[in-house]
Amino acid sequence: MTTPDHPRCDRLWRNARLMTCVDDGLGLVEDGVVAARDGRIAYAGPASDAPAFNAAETIDCADRWITPGLIDCHTHLIHAGDRAREFEMRLDGATYEEIARAGGGIRSTMAATRAASEADLVATALPRLDALIAGGATTVEVKSGYGLTLDDELKMLRAARALGEARKVRIRTTFLGAHALPPEYADNPDGYIDLICDSMIPAIAGIADAVDAFCEGIGFTAAQTERVFAAAAAHGLPVKLHAEQLSNLHGAALAARYHALSADHLEYLDEAGIAAMARSGTVATLLPGAFYFVRETKLPPIGALRAAGVPIALATDCNPGTSPLTSLLLVMNMGATLFRLTVTECLRGVTVNAARALGLQDETGTLEAGKACDLAIWDVGHPSELVYRMGFNPLHARIWSGL
């Protein structure tokens, strides 16, 4: 019988150790309990403080660790084709910019994506999504940006939404029409920005959760990016930005002026950009997979971001050209080894701070009552093993919305 002293719950995980990620650290609990009711966390904390739940099902975790389900807050999962040949070209000495200017890079994937059907895009993306899920992911952001026409961008966004119907995972969609200049607008970049602002953004407002842009010498100028941001704001859509990856166009400061959820990459970020992000609460999403794959040498200003209190997230940047990566576990190891992030920063980077980078901090990212019951249960002796090991997946179970 359910009473105030014996509240009902659907599932109860006991004999567990918890990484709650509450407050500023990992919020570790040695003898913990998690209770789920109607897909949400009813309780997460020490067993000694837990109510005597009347549970429909009780799971003995045998002293395993429970963390929030992992969150990949920056991916390009939806695309057709691959760019293995370009990888070979880079190994032979060509730069990313040289390949892009020669018609490769994003335009290469654009041609394949335009030719693919929506069903084809879903089918080719599912193995990539399944790999993320197998590594503990419960929330994944998916961008458009390889169609570069209204119909093709909508096709990509619909395919991204379909991933969330095909799998038990939370999908957030981001419109990235300002990813590259399509060939039909090669001599009229401002005309393409007109198309994005006047036609694309009004049409995608009901299917995209946010708007992104690539502010870079081989992408779009700060002035063009600001036009995209203004159009997004007029339609009530939050913004994100690929910024300061290859040069400093002061995109991060621009993003902060529009209270962007995140600014991503950030290798060439300067002090003014850091200060602006700190004031606006914009998350710094670092993408060590791209840094590694393109063999960059300019490190993001980790120490300055840390000193300014800018939240740091980590993501795969899963894409065909510069980060064909589908493991948040490896991303954490790369964040530690390449960027010298601490274990705590890496773990928070794929949980609570990744949730903030998607505007989902009230929904997921920590083990707290009221949030979605998104859990990852691990066969490890301590959460630090999730950052320390390479090529090792100790996931025991993954729970999404309590199931």
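Thr-139 touches Leu-70, Ile-71, Asp-72, Val-169, Arg-170, Leu-358, Leu-360, Thr-364 and Asp-374, leaving aside residues up to four places away in sequence (contact means heavy atoms within 4.5 Å). This is a predicted model, where local features need pLDDT of at least 70, side-chain atom pairs count only at pLDDT 80 or more, and totals for chains, interfaces and linings use all residues. Residues are numbered from 1 along each chain as its sequence is written, and side-chain values use heavy atoms, without hydrogens and water.

You will find Thr-139 in strand β7 (residues 137-143). Thr-139 is buried, with a relative accessible area of 0% (buried means under 20%). The side chain of Thr-139 also makes a polar contact with the side chain of Arg-170 at 2.8 Å (a pair of N or O atoms within 3.5 Å, one able to donate a hydrogen and the other to accept it).

| Pair | Angle | Axes apart |
|---|---|---|
| α4 (residues 118-134) and α5 (residues 150-166) | about 50° | 9 Å |
| α6 (residues 189-204) and α7 (residues 222-234) | about 10° | 9 Å |

With its angle, α4 is therefore oblique to α5, whereas α6 and α7 are roughly parallel to each other (roughly parallel is under 35 degrees, roughly antiparallel over 145, roughly perpendicular 65 to 115, and the rest oblique).

In α4, Glu-118, Leu-121, Val-122, Ala-125, Leu-126 and Leu-129 meet residues of α5 including Lys-155, Met-156 and Arg-158. That contact has 10 nonpolar, no polar and 3 charged residues. The contact of α6 with α7 has 8 nonpolar, 1 polar and 3 charged residues.

Definitions and conventions
Axes are lines fitted to C-alpha atoms, for helices over the stretch in contact, and angles run from 0 to 180 degrees between N-to-C directions. Helices (H or I, at least four residues) and strands (E, at least two) are DSSP runs, numbered from the N terminus. Ala, Val, Leu, Ile, Met, Phe, Trp, Tyr, Cys and Pro count as nonpolar, Asp, Glu, Lys and Arg as charged, and the others, Gly among them, as polar. Buried means under 20% relative accessible area, exposed over 50%, partly exposed in between (1.4 Å probe, protein chains only).
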